[in-house]
Each structure stands twice: as C-alpha cells, then as structure tokens.
Amino acid sequence: MPIQTAEAGFFPSFLMMGLCWVFMTFTGLLLVEATLWMKDKAHFSSLAITFLGKWGKTLCLIVYLFMNYASLVAYTAGGAALLNEWTANLFGFSLGYAGGCFAFTAIFGAVVYCGSMFIGKINALLVAAMIFAYFNLVGSGLGNIQTDYLTPRSPWWYGVASVPIILAAFSYQMIVPSICSYLEYNVKALKKAVVVGTLIPFVVYGIWLLLIHGLIPYEGEGGLQEAFISGSATTDPLKRQFSGLFLKVMADSFAFCALVTSYLSLSLGLFDFIRDVLRGMKIYITQHTITLLSIIPSLFLAILYPRALLECLDISGGFGDALLSGLIPVAIVWIGRYSKRFVQDRIDSEYTSPGGKPALLVTGAVAFGIFAYQWIKTF
C-alpha cells in the first residue's frame, strides 16, 4: 500500500484510507444485519441466493474465486522474489523468478495439504514473528521521519488512485457470516468485532504508511517510485534505510510473514470452497487434487506475471471488493429491508445498520464508482 500510494503522498493517502475504513466498516455492519435475518442459514451464498436470486449467487461465486486467485497470485509473486533473494545472499545461487514461484508453492502448498490444524500452528508462529518484526521496524524508524518527505507532491484527488489497493488491505467481508455464527449472533459482540476489528488495522496501516512515506524518498535510486515501477514489496526500499543487519532481517521477515500468513489462510479458504462446490455438484475427488486446484492456477499466473504483487492486489480491490464488499451487501440489505418481494415479518430486526436509505445509496454509488474507475484504469 505505501508504494501504490506514494505518488499521492502521505496525507491524501491517509485521508483515503480513513474513508475506505468507514466504507468497509459500514458494509461489514450491513452483512451483520443481513446475517441476523437468517441466522443459521446465513452464509454468503445463502444470502445471495435468498435476496439476489440464482444470478446473484453466481456473481458472488465468480467474484469470490476471482478475488482469491488474484490475491494468491500476488502473494506467490512476492514470496518468490524474497526466496530468490535469500538463496542468492545465503548460498550464492539464484533460483530465478520462476524457480522461486515453484519453491514457494511447493513449501506452503504442502502446509495447506496438511489441513487447518497444522496451518493454525504455523500461522500462530508466523503472526508472532510478524508482530515482533513490525514493532522493531516502527520503533527504529519513527524517530528518523523526514517531514519534507510527507509534503503532498500531487493534488489531493490523486489519493483516489490508491483506493482499490486500500480496499484489498481492509477486505474481510467474506468471513462475516462465519464470525456471526462463531459469536452466536450476539449483536453487541458482532458490532464490536466489526468496528474494533477494522479499527486495529487502520491504526497499524496508518503508522506503517507514515513510516514508509517519511523514511523513503519518492524519487531517485531506492525510492518509492522505483519500487512501484519494478513491482517490488515495500520492504525492499525500506532495507536501504537501515545500515544494521538486524533491521534488514526484520524487514524481510515482516514481508515474508505477511505474505505467507495471507497465502495460507486464502489457500485454505479456497480449498474448502472448491470442496463444497464439488460436493454440491456430486463430484468427489481426492484431497490432493483439491489442493492442486487451489494453488496450481495461481502458481502459473504468478510465473507469467512478475508484477502481480502490486497489480493483482489493486485489481482485486478495485473489482472484487467493489462488488463483494460494496455493491452486493448494499443490494442484499436494500432488498431485504424495502423490496415487496420479501414479507417484512421474515426479517428479525435485532439490528439495523445506521443511515437508512441515504447511507445505502451513497455506499452503493461509491462502490459503483470504484468499480468503474478500476475498469477504466485496467482496460
């Protein structure tokens, strides 16, 4: 995100991040409202087919697959670059980009194959390491912020260009129905989960954005502009700002743990999704084959597209989150609340998201605008 937002500068990017946080928090609350109507039936596909029909369910399934595969391609590309760099530095030989993609997929695809219990243990270790690295980087870097680097270098509206990747950073809507079930449909707990659960990353991302934009110049060798052109991770130019080996290791560790934890969770989710879809079609294949269907497409797409780390996340946010995290929740709640197709007494009004029709209209318009912007930018 700091690389993709570099041209706009810190203050416009932080403003856009704040607006995206409000947008994503509100749409999460919309899904809480809709899930409470149906309770034990409230999975995303159930919500879609109940309120949007078969075409709505089909759209949800397509967008879900698109978002997952696009994100897995991005994480495979980023992980491959780091593995390639490490083998070159430690052992004196290069795997090459394609070799790095194969190695990353082989190692962590095997973890996915071992199942959710094993993934949970590996993820716990990686998250602990990621938190440790984050606080070391922030603690060492915040005292060296260059305030002139934070000066806006472009008009404020340039921050709009960063909205898709910011949405991808905040994306969580697909798990809201599961959270509702896990918290036993407790309204107070669910509101807290959504609001606080999005506020924590907002603070973490804000500090990270300040650190990167304040430490690394935009132009010149090792700058953010160069990183954007090459499609590299944020930690690549960050390492140049540290002279000590420890902090460079922390930068690499943070990047790698962030990539792997995201890769594992998305791969597991995709594994379960594919398995359920095939069961619904009465197609039964082995766990090994399902694992391959989950990870092999992203491997080959990552090999074909080295800039995937930045651009696939951007596309996932601009297209996927605009639909799945924006337009679809708005449509579900609008139809559930106001459409004559549904009898009002079917809806248990334990919780109603704030704002009424104006909030739904504004949110839907913003989501459509993001989708249209991404379409124009991409094509």
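A nonpolar core, as the term is used here, is a set of buried Ala, Val, Leu, Ile, Met, Phe, Trp, Tyr and Cys residues joined through side-chain atoms within 4.5 Å. Buried stands for under 20% relative accessible area, exposed for over 50%, and partly exposed for what falls in between (1.4 Å probe, protein chains only). The model shown is predicted: local features need pLDDT of at least 70 and side-chain atom pairs count only at pLDDT 80 or more, while totals for chains, interfaces and linings use all residues. Residues are numbered from 1 along each chain as its sequence is written, and side-chain values use heavy atoms, with hydrogens and water left out.

**View A. The largest nonpolar core, with Leu238.** This core has 104 residues, and Leu238 and Leu264 are those with the most contacts inside it. Helix H10 gives the most to the core, with 17 residues; helices (H or I, at least four residues) are DSSP runs numbered from the N terminus, as are strands (E, at least two). Which residues does Leu238 touch, leaving aside its neighbours within four places in sequence? Its partners are Leu137, Trp208, Ile212, Leu215, Ile216 and Ala251, where contact means heavy atoms within 4.5 Å.

View B. Start with Leu247, which sits in H10, a helix covering residues 245-280. Leu247 is buried, at a relative accessible area of 16%, and it touches Asn136, Leu137, Ser140 and Phe242, not counting residues up to four places away in sequence. If you look for Leu224, it is 23 residues from Leu247 in sequence and 19 Å from it in space, C-alpha to C-alpha.

Lys248 is also found in H10. Is Lys248 buried or partly exposed? With 32% relative accessibility, Lys248 counts as partly exposed. Its contacts, leaving aside neighbours within four places in sequence, are Lys239, Phe242 and Ser243.

Once neighbours within four places in sequence are left aside, Asp252 is in contact with Leu82, Glu85, Trp86 and Lys239.

View C. Most residues other than glycine have a negative phi, and most peptide bonds are trans. Glu184 has a phi near 55°, a positive value in a residue other than glycine. Tyr185, too, has a positive phi, near 60°, and is not a glycine. Glu184 is placed in the loop between helix H6 (176-182) and helix H7 (187-215), and Tyr185 lies in the loop between H6 and H7. Glu184 counts as exposed at 68% relative accessibility, whereas Tyr185 counts as buried at 16%.

**View D. Ser353 in the loop between H12 and H13.** Ser353 belongs to the loop that links these two helices. Is Ser353 buried or exposed? Ser353 counts as buried, with 3% relative accessibility. Around Ser353 you will find Phe26, Leu29, Leu30, Glu33 and Arg337 in contact, not counting residues up to four places away in sequence. Pro237 is 116 residues from Ser353 along the chain, and their C-alpha atoms are separated by 42 Å.

**View E. The second largest pocket.** About 690 Å³ of space lies in this pocket. Of the 30 residues lining it, Gln4, Glu311, Asp314, Gln374 and Lys377 are the closest to its centre. A pocket is an open set of points on a 1 Å grid over the protein atoms alone where a 1.4 Å probe fits, with protein on both sides within 12 Å along at least five of seven lines; lining residues have an atom within 4 Å of a point. Grid points are joined across faces, edges and corners, and the volume is the space filled by probe spheres set on the points.

At least two lining residues come from each of helix H2 (44-91), helix H8 (224-230), helix H12 (308-338) and helix H13 (356-378). H12 gives the most, with 5 residues. The lining divides into 19 nonpolar, 6 polar and 5 charged residues; Ala, Val, Leu, Ile, Met, Phe, Trp, Tyr, Cys and Pro count as nonpolar, Asp, Glu, Lys and Arg as charged, and the others, Gly among them, as polar.
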